[in-house]
Amino acid sequence: MFITDLLEESYSAIFANKTRTALTVLGIVIGISSVIVMVSLGQGATSSIETNIESMGSNLITIMPGFQRTFSQVTSGRGSAQTLTIEDAQAILTEIPFVKNVAPELSRRYQIISKGKNTNTQVIGTVASYQDIKNVVIDEGSFISDQNVLNQAKVAVLGPTTRDDLFGEGANAIGETIRINGINFKVIGITKPKGGSSFGSQDDIVYVPITTAQKILAGVNYVSTISVQIQNSKLMNQAKLEITNLLLQRHNITDPQLADFNIVSQQDIIESASSIINTMTILLAAIASISLIVGGIGIMNMMMTTVTERTREIGLRRAIGAKKSDIGLQFLTESVMLTFLGGVIGIILGILISYGITFFTNTATKTSLFSIILAFSVSFLIGVIFGYWPAQKAAKLNPIEALRYE
Amino acid sequence: MIEVKNITKVYKTGDFENKVLKGISFSINEGEFVAIIGPSGSGKSTLMHILGCLDTPTTGQYFFEGKDVSRFSDDELAEIRKRKIGFVFQAFNLLPRTTVLRNVMLPLIYANVSRSKREKIAKKAIIDAGLKEKHFYRLSNQLSGGEMQRVAIARSLVNNPSIILADEPTGNLDSKTGEFVMQTFEKLNKEGRTIVLITHEKYIAENAKRKITIRDGEIIEDITNGISKSVQQIKE
Ligand SMILES: Nc1ncnc2c1ncn2[C@@H]1O[C@H](COP(=O)(O)OP(=O)(O)OP(=O)(O)O)[C@@H](O)[C@H]1O
Ligand SMILES: [Mg+2]
């Protein structure tokens, strides 16, 4: 039996009863399309987080305050240590060879007023190198300069959203004055939009010199974060180690367990975010696969009915020379054809639904070749698994009894 | 061409043994037209299933073109059915909602005959079976009983079988169309085909040159052109 004949025989058998075929295939269509949608939602979330994190700068290590431990080993709260300083940042830059740049920052939320309008926004006190490290692009004016930092200048760089909130959309704000926490600042620059972020918009933000933020706004001496840019991504792990040692030494801590800071590289963030999303994707896809199993049982049910209905035909085929294996193969091909058909329609439907989700709700989705190949193989496999038993039943029929079957 | 030697067939249902064939021996030569007659339940169909390699005898030997096929495997028997045997059944057994041509081509699919040849062979067989060109693309369920049976005959011809086995081919037909179908068999026999016909109606058997009568699983009469072999001769 040629493979083309096998396919043709199966094809014409399947389309002999279109309604039943359509209803049975529907189960597979629903299963496959929901798997496609779930996976593309998951992968969309992963990739949007990745681009978000990457847009914050490359080869980045972030040092944040850790738990400050007292002698009784009781933590005094998460990230509450107030021991990171501008000097720490300076030491990292000068003492560790492959550190390209550092940017300490102190961020707090303040009420900001301008000409009667006001907004509550993140104010980041930082230094000039922040611009380079975090890929901040200036639209108009300029970013904080080293001079500003030295002088504790009362100047501010606004994110586009903050500018829109305070001065109206697209208005010229350079040279205007804003009041942060009751203190006048002069606007010297506006940043370019970076787009939304799951971690709070980087467009609704105000940058001021770190010295100003420490002395004038907050009245403190510590910093809330130090961003470190490494020359080469291969040196990330070594950099983490050396920074840890340096800071432990500077903070007079002998036991690394008691470190009053946390070092997180960008990769760490990406990895942990992706792993959370992956787990969720797998969970959702697993739930979706339950409908696939239900669909598979539908296929098996239909194939069982078909085998019984076509008992005489099976007898005839055996009489004219079909082997057991020919019969088994034909029914297996029929069920695989059914699930494959369901798979193709399901994939198309799944992709369309994913597009629809992105279009109507702005949620990122990403249909990958992987999920399509996966869906194809799964539908193929379901056809084999759920078609095997009916095919066996057909192959094992006694030809004489089958020919006489009423 | 075919020869059976002391064939028996026993069906076991639980403890009960049903001896359907009790030692049957005969041979059929090429070009013969044999009618096997006997009352209902005498074992005619059982015999035909064995002759058609659909089943194997419990004991005894069956030589098909010189080869003993009585112990052949399922796949080997399928191979013989595919190449050497044509079946015609009482119930026609056509694929429903399928064209006449496709029905007739069906055996060629399993025989791996190329697509281009199939249609030619099938069309010729349909004409040989006494149908017309206009029937080629008719659906099988839109035919009359007589036409259906001739489609089945055409289907039994396409693999150019050594022997055609027909189990009560006129059983589902009225006597007039039955006569028509019988004429088709006679014509095919004149063209050199070997035909074994099973029937329990005496007048149908009149068409055949040789008549084998079975009763209770045994041959009681074997008449060729009016000359009877004695029961003794048969037993040998
Ligand atoms: N698979 C089977 N299992 C058990 N007994 C069977 C089986 N097939 C046939 N028989 C028995 O064998 C006997 C002969 O059956 P068979 O079909 O050969 O008769 P037949 O001569 O063809 O009769 P008819 O003219 O009615 O078709 C019957 O008594 C039947 O009950
Ligand atoms: Mg019978």
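Axes are lines fitted to C-alpha atoms, for helices over the stretch in contact, and angles run from 0 to 180 degrees between N-to-C directions. Helices (H or I, at least four residues) and strands (E, at least two) are DSSP runs, numbered from the N terminus.

This is a predicted model, in which local features need pLDDT of at least 70, side-chain atom pairs count only at pLDDT 80 or more, and totals for chains, interfaces and linings use all residues. Residues are numbered from 1 along each chain as its sequence is written, chains are lettered from A and ligands numbered from 1 in the order in which they are written, and side-chain values use heavy atoms, with hydrogens and water left out.

**First stop: the two chains together**

Display chain A and chain B in separate colours. Between them they bury about 2400 Å², 54% of it on carbon and sulfur atoms; buried area is the accessible area (1.4 Å probe) that two parts lose on being put together, summed over both. Chain B contributes 25 residues to the contact and chain A contributes 24 residues, where contact means heavy atoms within 4.5 Å. A salt bridge is a side-chain nitrogen of Lys or Arg within 4 Å of a carboxyl oxygen of Asp or Glu.

**Second stop: helix H1 of chain A against chain B**

Select H1(A) and then helix H3 (residues 100-110) of chain B. Their axes come within 12 Å and cross at roughly 140°, and the crossing is left-handed. A crossing is left-handed if the near helix is turned anticlockwise from the far one by less than a right angle, and right-handed if clockwise. On H1(A) the contact is made by A:Asp5, A:Glu8, A:Glu9 and A:Ser12, and on H3(B) by B:Arg102, B:Leu106 and B:Ile109. By class, these are two nonpolar, one polar and four charged residues. Here Ala, Val, Leu, Ile, Met, Phe, Trp, Tyr, Cys and Pro count as nonpolar, Asp, Glu, Lys and Arg as charged, and the others, Gly among them, as polar.

Now show the side chains of B:Arg102 and A:Glu9, which meet in a salt bridge (3.0 Å, N to O). A:Glu9 also forms a salt bridge with A:Arg317, the closest N and O atoms being 2.6 Å apart. This second pair links distant parts of the chain, since A:Arg317 lies in helix H10 (residues 311-319) and A:Glu9 in H1 of chain A, 308 residues apart.

The crossing is right-handed. Among the residues that meet are A:Leu6, A:Leu7 and A:Tyr11 in H1(A) and A:Leu329, A:Met337 and A:Leu338 in H11(A). The residues of this contact divide into eight nonpolar, three polar and two charged.

Two strands pair if DSSP finds at least two bridges between them. In their hairpin, which has two residues between the strands, B:Gly14 takes a positive phi near 65°. Two bridges join strand S4 (residues 59-64) to S5(B), with B:Phe63 and B:Asp68 as bridge partners.

**Last stop: the seven-stranded sheet of chain B**

This open sheet has the order S6-S7-S8-S3-S9-S10-S11 and mixed pairing. Strand S6 (85-88) and strand S11 (227-229) are the edge strands, and the twist averages 20° from one strand to the next. Strand S7 (residues 163-167) and strand S8 (residues 195-199) pair in the parallel sense over four bridges, with B:Asp167 opposite B:Ile198. Helix H2 (residues 74-84) of chain B packs on the sheet, touching S6 and S7, and its direction makes about 80° with that of S6(B). Helix H5 (residues 145-157) of chain B also touches S6 and S7, its direction making about 170° with that of S6(B).
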